[in-house]
Amino acid sequence: MPLFPGLAGAGGRFPGRNGGAAELPRSNFSPSGVQLSQNSANPPSRIVIASRESRLAMWQAEHIQSRLQALYPRAEVVILGMTTRGDQILDRPLSTIGGKGLFIKELEVAMAEGAADLAVHSLKDVPMDMPEGFSLAAISARENPRDAFVSSKYASLDELPEGAVVGTSSLRRQAILGAKYPHLQIQSLRGNLDTRMRKLDEGQYDAIILAAAGLIRLGMKDRIRAVLTPEQSLPAPGQGALGIEVRADRADVLDWVAPLHDAPTAHCVRAERAFSRALGGSCQVPLGGYAILTDQGQLWLRGFVASPDGRSMVADDIRGNPAEDEILGQTLAERLRAAGADAILAGLNSAA
């Protein structure tokens, strides 16, 4: 049985390299509303990309590096690898140490000081409110946005026996697992992707839940035992998409990265992030938000908010014009609040 049976409906595909949604007209505005010119009158001679140094983060930076190099073959495009505080603190759940902003602060300092022109992020790790002076300038085409079940012993979540240990770093996944599989032991799983896989292989966990996109990007698709449907595990806002962050006053960099902006993916991610933002979405809130463009040309957004143990959960969905992406996200959040999400959020705040 799907965890979100009320959200099942007409099909559609997520935009990006694995999706088949029709291309929407490309906007000349960045995701933050900053106008972008379509042709750079001053092509760059050098571009510096700030990135975390994990293997997945470097893959993402190198992917954007190659795309920029193709756009500007005369430019030198280099990567500035950095270690963030989020990479250093691995003994506590992310929700208890300051949230996702710990993964990007050092990169923003490099941009503020002029050491880097832009930073590449996994969008699910980017806080819903951008810091003052920075802009989410482009969102690239999405990889598979779903969650993946990974195990050396079992083929699916349904096969896990009583007391099996499942590792996850996400309160969202913890709530979903608690709601449907209360017989499992859910334990925190921190570290980069390679570290998490090593912990699984060492037998510390019977299974782990990860974003499918990271495994695919690092050539580990064969480790995925099952890709969870949105009905089983609704993805996090922005999951599978890359975001390019720049200083808001760098009109030149905004112009350089404009060709990397994928409008269909951006519509979906804008709706997801607006939904999350309206509910105070952060690492401390078990929340899922996932949008696709349907074959009928509508944006279909599904969302939920839950208590960490999954015992309380409110879910709903909404469809509408992709051009009204953020309005759809805000409207869905209002529906959830009216249906009981406020009580769940109040409980989270009182427990903090």
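**Close-up 1. Arg-172 pairs with Asp-147 in a salt bridge.** In this predicted model, their closest N and O atoms sit 2.9 Å apart; a salt bridge here means a side-chain nitrogen of Lys or Arg within 4 Å of a carboxyl oxygen of Asp or Glu. The pair links distant parts of the chain: Arg-172 belongs to helix α4 and Asp-147 to strand β6 (residues 147-150), 25 residues apart. Helices (H or I, at least four residues) and strands (E, at least two) are DSSP runs, numbered from the N terminus. Arg-172 is buried at a relative accessible area of 4%, and Asp-147 is buried at 0%. Buried means under 20% relative accessible area, exposed over 50%, and partly exposed in between (1.4 Å probe, protein chains only).

Two notes on reading these views: residues are numbered from 1 along each chain as its sequence is written, and side-chain values use heavy atoms, with hydrogens and water left out. Since this is a predicted model, local features need pLDDT of at least 70 and side-chain atom pairs count only at pLDDT 80 or more, while totals for chains, interfaces and linings use all residues.

**Close-up 2. Helix α4 is mostly covered.** The helix spans residues 171-180, and seven of its 10 residues are buried, including Leu-171, Ala-175 and Gly-178. Ser-170 caps the N-terminal end, with a side-chain oxygen 3.1 Å from the backbone nitrogen of Arg-172.

**Close-up 3. Arg-302 and Glu-231 meet through their side chains.** This salt bridge has an N to O distance of 2.7 Å. Arg-302 lies in strand β13 (residues 299-306) and Glu-231 in the loop between β10 (226-227) and β11 (242-247), so the pair ties together parts that are 71 residues apart in sequence. Both Arg-302 and Glu-231 are buried.

**Close-up 4. Asp-117, Arg-250 and Asp-252 are linked in a salt-bridge network.** Elsewhere, Lys-124 and Asp-125 form a salt bridge at 3.6 Å, N to O. Asp-125 counts as buried, at 16% relative accessibility. The count for the model comes to 18 salt bridges.

**Close-up 5. The largest cavity holds about 100 Å³ of space.** A cavity is a set of points, on a 1 Å grid over the protein atoms alone, where a 1.4 Å probe fits but cannot get out; lining residues have an atom within 4 Å of a point. Helix α4 gives the most to the lining, with four residues. Among the lining residues are Arg-173, Ile-176, Leu-228 and Ser-233.

Key
Polar contact = N/O pair within 3.5 Å; in protein donor to acceptor, adjacent residues only side chain to side chain. 1 Å grid on protein atoms, 1.4 Å probe; cavity = no way out; pocket = protein on both sides within 12 Å on 5 of 7 lines; lining within 4 Å. Points joined across faces, edges and corners; volume = space filled by probe spheres on them.
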